[in-house]
Amino acid sequence: MKWTKLGKIFDPTEHSLSNNCVEFAQSPHALVLRDRVRVYFSTRERDKIGKYLSHVAFVDFAKNMQNIIDISKHTIIELGKLGCFDEHGIFPIHVARDGDRVLAYTAGWNRKISVSVDASIGLAISHDDGRTFQKYGNGPIMTASLNEPFLIGDAFVALFGGSYHMWYIYGTKWKKFKESDPPDRVYKIAHAISEDGINWHRDGRQIIADRLNIDECQALPTVFHRDETYHMYFCYRQAHGFRKKRNNAYRLGYAYSNDLINWERNDNKAGIDVSEEGWDSQMQCYPHVFKSGENFYLLYNGNEFGRFGFGLAVLEK
Amino acid sequence: MFKWKKLGKVFDPRDYKNKSWMQEFAQSPSVLIFEKHVRVYFCSRPSPTPDDQYLSFLSYIDLDRQNLLRILNVCGIPILSLGALGTFDEFGTNPISVIRVQDEVRVYYTGWTRCESVPFNGAIGLAISHDNGDSFTRLGEGPVLSYSPDEPFLLGSPRIRKYLGKWHLWYIAGKEWLQTDTKPEPVYKIRMASSEDGINWIKLGKDLIQSKLGEHECQACPDVTFREGKYHMFFSYRHSHNYKGKEGGYRIGYASSVDMINWNRCDEIAGMNVSENGWDSEMVSYPHVFLLDGETYMLYQGNEMGRTGIGLAKLTSPQNWCS
């Protein structure tokens, strides 16, 4: 794999966003439409007590992925009601075309007391090409279970071989690395399968081997099929000190599979890494691969988890 | 109509001063019958923390099978630990329901977690004992029954039964959180799920018991017993507001069913109401009905949601469960 970087293509601070959002365009996800590519992302507002709420917005690019045609001015999907799993944010939102509909798999966030947050995966459905989404119930379609005790999120769904496949993450532990710091979380990538996209059967195991250590955090799997092989990009980091220290921060990882079940990790073949300087020099995270025309594109965030936008790369043929 | 003779309070946790985790409350009684004694599992609480928050622990007492008002033994330590940091049962395991299956004993329990915008949330966990119910180990760090699209929060109040070779779980699911002048108050309703192994569940997906106090009625503790070809459910219900005193507090309701799915509510024949005065004069709740040596008994909690202990009643007449 070899990716050519096309640079940062969207900066949220240069635009007026809905829901009082000011910064962050995190975890870009593409929906390829007839005349444009709609890129969803999560952006943030400060609530009454000064904490962040993540909202979903989108920006429409012309097919050349350079010209911005439109930017959402409305609420695409409401945050959850009082006490619901997605009351305090939706991040990320993954969209998948399903006939006339567009399915959205959301990670909903809710704030806790002993640890900062929990998350579950929700479903929402659009009948207007992804302009607005209606929730499939007030609760999640996938949440904590016997061996996946918390932090279920980052769903990526694709139809392969007549079945819906989901790659997602689940939390394995909350750990206090330093007495003076709040607990940090550890999460891993897993896989589930479904006949209807709603009811999921989970494999119940970590599918991507750790590279750093047992506390490695793995996130945002994105999977595509090319040259008879399934390819997965994801991001990974150290569990502690990942915000400020460059070496502990998110990097892009890569794995491949022939059967969608067994994955061989080989980050050296990812074909993309942090830049020497500039917007993606400290970290790279939240990758999303999509095909538009004959090209495979990679959307991703750079420094500060996407506070100042996302960038694009294209796969060399 | 069922007629219950109240035999009085059998246990008051405040009588045992040296048990730090059992300062107050004996909630959600559930029995396991042994040759010489009846073990009553319940949930007890240490004193609240300075910010008025409680933990809740699984405990038990052993009652003399020949004289249920005689306590033979009180457990020395909590018999199930609380969950790890960030897990669904980090702050409590309450309410509970216990069942024996061959050489293991299972407890299904509600795990308590604390949230920012609402005070708490719950999901249902499972722990197993291989020492005849003396101690329990959780099956996993997460819940066996949790949230879904139409059950968005507050799963709890499990009652586990095995009928017709299948596992059945009656439980409650939250409907909505109501904003009040102080803290939000939940509304929850009785539901049911079935399973081949007691671990993987299929939810029925409907409210079983018609509300009597309006759409915001809270229903809990669906205690089901099978007699004379029918399923009988004693449960508790209350108003969603001002429920901490006599007026809006918990009462015991009753419903029956021939198929476990369609229930006919008929509180008038439950036969168990608050007393004129004393420990159960403001509320009665969390009924648990069991058969012992040819007699039918009900354990239940009284005022202040069981703060001062558990009481016992005996069914006197009719023994006709067909009515």
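A: Two strands pair if DSSP finds at least two bridges between them; strands (E, at least two residues) are DSSP runs, numbered from the N terminus. This is a predicted model, in which local features need pLDDT of at least 70, side-chain atom pairs count only at pLDDT 80 or more, and totals for chains, interfaces and linings use all residues. Residues are numbered from 1 along each chain as its sequence is written, and chains are lettered from A in the order in which they are written.

Q: What is the order of the open sheet of 4 strands in chain A?

A: Strands of a sheet pair through backbone hydrogen bonds, either parallel or antiparallel. Here the order is β14-β15-β16-β17, with antiparallel pairing. Because β14 (217-226) and β17 (264-265) of chain A each have a single partner strand, they stand at the edges, and one side of each lacks a neighbour in the sheet.

Q: Over how many bridges do β15 and β16 of chain A pair?

A: Strands β15 (residues 229-237) and β16 (residues 251-257) of chain A are joined by 7 bridges in the antiparallel sense. A:Tyr236, for instance, has A:Arg251 in β16(A) as its bridge partner.

Q: How many cavities of 30 Å³ or more does the structure hold?

A: Rolling a probe the size of a water molecule over the atoms shows where empty space is left. A cavity is a set of points, on a 1 Å grid over the protein atoms alone, where a 1.4 Å probe fits but cannot get out; lining residues have an atom within 4 Å of a point. The structure holds 2 such cavities. Among the 26 residues lining the largest cavity, A:Asn110, A:Lys112, A:Asp118, B:Asn121 and B:Tyr147 are the closest to its centre.

Definitions and conventions. Side-chain values use heavy atoms; hydrogens and water are left out. On a 1 Å grid over the protein atoms alone, a cavity is a set of points where a 1.4 Å probe fits but cannot get out, and a pocket is an open set with protein on both sides within 12 Å along at least five of seven lines; lining residues have an atom within 4 Å of a point. Grid points are joined across faces, edges and corners, and a volume is the space filled by probe spheres set on the points.
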